Structure formats: structure tokens, C-alpha cells
Amino acid sequence: MGEAKRKALKTQKPVAVDTFGGRVHVEWDPTAAVTPLGQLPFFIDFLKVSGVFDAWAKDCPLHYVSNNAPDKRAVLATFLLSILAGHHRYAHITGIREDTSRPELLGVDKLVSEDAARRALVRIEESAGLAWLNHHLGKTTQPLLSTPWILDLDTTVKCLYGKQEGAVVGYNPHKPGRPSHSYHSALMANTRLALGVEVMPGNASAPLHSMPGIWAWLDALPAAERPALLRGDIAYGNESVLAAAEARHQPYLTKLRLTKHVRRLVTRLFAHPDWEKAGQGWQGREDTLQLSGWSRPRRVIVLRRQIKGDVLVASQDDPQMTLAFIESKATAAAYEYAVLVTSTDYEILAAAQLTRDRADAENNFDELKNQWGWGGFTTHDLKRCRLMAGMVALVYNWWNLFVRLANPHKHHEAITSRPLLLHGDATKTQHGGQTTLTITSQHAKQATIQAVLTRLAAFLSSLKSTAEQLTDLERLTLILRRAFAKFLQGRTYPAALLAPG
């Protein structure tokens, strides 16, 4: 907003409006130093002490030649604040540009416009930009890799509604026939941290498109930092993935598609009486199986659970949805079942629980798509979609580390953690060279929030004073150890795998 518009608003007369509480006179003051994200300074303190934002800005492969070009740090500060606020479109950046309190917290004079933000991504060379983002994503998890951890692999679909590059029809269970992008993701189980994301066209959702990058990344890791288990859904239960994992001595656990030969195994085992308890009403039996496309026999675990009560069957082929009511009888039993393939020697109970725990990865996708920016920030070219996906994952990791510092015992999704630790009206005042932010929180747990943030600020302050000689990575390691103290308890497998964070 220009100075002329500011002065015009400043001199306008108050507007009288009638409410149920009486007449109210409304006036605008665009020059007031007020922000709705009043608790943001605590997160900025975390970014500064850990050094992650400074290093991210310093390494950014964004270069300008014009003297009138925006500051590179201001561009990244704009992206950070937009993603943190839960934006899904570049146009939403306009809603935060006139906040005069937030930019200076990140060491910049002002935020850039939505057009400047979009153009900045055009200037970043794709391979350099992805390497930059992957490097800083790795910094947020690298200190945790020395503790046994699980690598969750999965793919999610981002529906598209325009003529974007890579917008083709592929696997889309919720909206068949809708063009989409495929987000191939690697996640660290039990921590809710993203390890990496690769955006591909909608018809490239199969693991064969992303596994070469995953294997290259795993091969570059020291042996002591490689995952204790690679876990995936039925898409990863194929010969190419399993054989590559076995060649690297990488333990794995995935589901199998219920093909003809797999169903034949289930039929053969079904009549056996000695099924083991697999937890939560499931039973299991193990066997070996070699499918026609496999190079060797592999250990498989068949799980089944009896369906209790009456069953309602719907015909999906009939547009009128013909329903069949099947009354359960004491003499008949209906079962749901699944078949796992694994290279581990975990007991049936442990393997079944590990498979159930994998559902937590679906919660990550729900949060990243619906509460962060993976469902948005769409442009015509695929390059900027890839850069924004990595940027969203990075800010998501930073915020999760900050929230875990506040409460190491539980993961809070953004829909809960933002009102708790970010939102709050704040007024900035300056006097005697000292800047003060007065926060007014309308949250019902405001007393608890104040106590938590006060303790968090005290920890960061002590870290600054007692660890001045440490590098940024060493300080970040101390932060991660505090945030994930529960994860780093050093328990042995499979017990550690059975206790998600």
C-alpha cells in the first residue's frame, strides 16, 4: 500500500454500523504495528538459534542482476511466512504483505509481492534448486538417523484443474479421470518428519519412477544411518523393489496384491487350525511363496480378521447401487484378510502391528495436503511445483520441530498447533531503543500457552549462552534430541517399532 493510500485511509471518517450490541464506530489505521501472528517471535527465535533459516537463505541458488530486484532473503521470508500461515495459493501472499511487524523479525525490510515470488522461482535452476532443498531437508533429520528408524514410502495424488505441465490422467482413487500430479514421498515413521518429495506427472505414480532416487539416496548414507526397515503399501510389493532391497541387505515389509496365486495360498492356509494372535482381533500364519515373476521364494504372512455382525454389500457396477444384506449366522464366518511379504524375522504379532502403524503415513499426507501447501501453489510449469513442494516440506519440518520442543510427548497437527503456538494479536511498541510486543491471546488455554512458550524461550536462551562455541548443526542436534527424546530412547527392535510417537 502506497503512502497516498495510507494517508487517505487515515483521514477518512469513522463508519457507523449497527450491531446487536449497539452502534459501533469503525475506523482504519493502516500504520498501526499490529500482527495476528503475535507468537511468531518464538518460532523466529528457534530459527535463529538453530541457524536453519540463515543457512537456507545463504545457500539459495537465486541470483539477480538488476539493482531494482528484490532481496533474496526477502523472497524466502515471504515464502516462509506464507507457508507457515497455511496458504495454498500465491495470491494469498497479498494478505500478509502489509504486516509491518513480521518482516523485520526475519531480518528484511518488507515482503515481496505474489508476482515477485512466482518470478523468483523461475530464476532458480531446477536441479540446483532441488539439491538445495533436499540438502536442508536432510539437515532436519540427519541427527536422528543414528537411532533405528523406519522409512515409509508412499505416493499421494494432487488433483489439477487447468492445463499444467504433467497434468495427465493416472491413478486417482477419489476422482477417477481427473488429471493430477503424483507426489512420491519419503517419511520418517514415528516422527512425522518429511525426508523428501518428488513431484511427477499423474501417470507416473508407480514406484519404478521414484525408486532410483530413493536407492541413490540410501546408497549414499553410511551403513549405521540406513533405515532399520523399509515399509510400503502393495505398490512396493513387486520384484523390482524387493530384489533391489535384498541386494542392499535392506530389511523391508510391504503388502502383496491379492493375485490368483496369492489367493491360492490364502485358501490353502485357511483350513489350518493353528493361527497365531496378531493383535486387534487379527490372526496370522506365515509361509513361503514364490510368485511367477519372483526370482526367489520369500517369507509371507497371511493375516485375517473375522467380520462380526451383519454385512452390507454394495454393487459398484450398478448406478442404482444395488444393496445385498447378508445375515451372519453362527455356522458361517466372514473374514477380511491381507498378505504381507517381508525379509525380517519379526514375529507375526510384531509384523502385523508394524503394518497397522503404517497408517500414520496417511495422516502425514492429509496434513501436508489440507493444512499445508501440497494441495496448492500450482503453476503451469512442473519446475515451480517441485520447488514449492520441497519448500512446504521444509517449513513443515521446521514447524514440527518447534512444536515438539514445546510438547515432546505428542504430535500436534497444524490445525491445532497454529492456534496454540502461532496465533495471537500483538501490538508493537518501541521506547528507549527497546521493542516490545504485547500479545493478546483469545485461546481458551492461553495461560498454558504462555507457560509453554516461556519455558521454550528459556531453553533456547540457555542453548545460546552455553553453546556459543557449537556449530549450527551441533545446536540443531541438541534441539532434535530434546524434541524427540521419546524417539531416541534407544529401545531394541521390534519393541521400538511398536511404539509410535
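This report describes the fold, cores, aromatic contacts, cysteines and selected residues of a predicted model.

## Basis of the model

Residues are numbered from 1 along each chain as its sequence is written, and side-chain values use heavy atoms, with hydrogens and water left out. Because the model is predicted, local features need pLDDT of at least 70 and side-chain atom pairs count only at pLDDT 80 or more, while totals for chains, interfaces and linings use all residues.

## Overall fold

The chain has 501 residues, of which 46% are buried. Buried means under 20% relative accessible area and exposed means over 50%, with partly exposed in between (1.4 Å probe, protein chains only). The secondary structure comes to 16 helices and 17 strands. These are DSSP runs numbered from the N terminus: helices are H or I with at least four residues, strands are E with at least two.

Along its principal axes the C-alpha trace spans about 85 × 60 × 50 Å. The chain exposes about 25,300 Å², and carbon and sulfur atoms supply 53% of that area; areas come from the Shrake-Rupley method with a 1.4 Å probe, and for residues only the protein chains shown count as cover. Among contacts (heavy atoms within 4.5 Å) between residues at least 6 apart in sequence, 67% join residues at least 24 apart.

## Nonpolar cores

In soluble globular proteins, nonpolar side chains tend to be buried together. A nonpolar core is here a set of buried Ala, Val, Leu, Ile, Met, Phe, Trp, Tyr and Cys residues joined through side-chain atoms within 4.5 Å. The largest one holds 116 residues, and F43, F46, L47, W372 and W398 touch the most other members. Helix α13 (residues 382-406) contributes the most to this core, with 17 residues.

Leaving aside neighbours within four places in sequence, F43 is in contact with L80, L84, W398, W399 and F402. Helix α11 (residues 348-357) has 9 of its 10 residues buried, so this helix is largely enclosed by the rest of the structure. The buried residues of α11 include Q353, T355, R356 and D357, as well as I348 and L354.

## Aromatic and charge-ring contacts

Rings of Phe, Tyr and Trp (its six-membered ring) pair if their centres lie within 6.5 Å; planes under 30 degrees apart count as stacked, over 60 as edge-to-face and the rest as tilted. The count comes to 14 aromatic pairs. W56 and W398 form an edge-to-face pair, 5.4 Å centre to centre with 90 degrees between the planes. The pair links distant parts of the chain, as W56 is in helix α3 (residues 52-59) and W398 in helix α13, 342 residues apart. W56 and W398 are both buried. F43, F46, W399 and F402 form one aromatic cluster.

R304 has its charged end over the ring of W275, 4.0 Å from the centre of that ring. R304 also lies over the face of Y335, at 4.7 Å from the ring centre. A charge sits over a ring if NZ of Lys or CZ of Arg is within 6 Å of the ring centre and within 35 degrees of the ring normal.

## Cysteines

A disulfide is a covalent bond between the sulfur atoms of two cysteines. With the cut-off for such a pair set at sulfur atoms within 2.5 Å, the whole structure has 0 disulfides. The closest cysteine sulfur to that of C159 is in C385, 14 Å away, which is too far for a bond. C159 counts as partly exposed because its relative accessibility is 22%, and C385 counts as buried because its relative accessibility is 1%.

## Positive phi and a strand residue

Most residues other than glycine have a negative phi, and most peptide bonds are trans. N190 has a phi near 75 degrees and is found in the loop between β6 (179-188) and β7 (193-201). N190 is buried, with a relative accessible area of 11%. Q280, with a positive phi of about 55 degrees, lies in the loop between β10 (276-279) and β11 (282-289). Q280 is exposed, with a relative accessible area of 55%.

L289 lies in strand β11 and is buried, with a relative accessible area of 11%. Not counting residues up to four places away in sequence, L289 touches L256, V262, L265, W294, R296, P297, R298 and V300. L289 and M200 are 89 residues apart in sequence and 33 Å apart in space, C-alpha to C-alpha.
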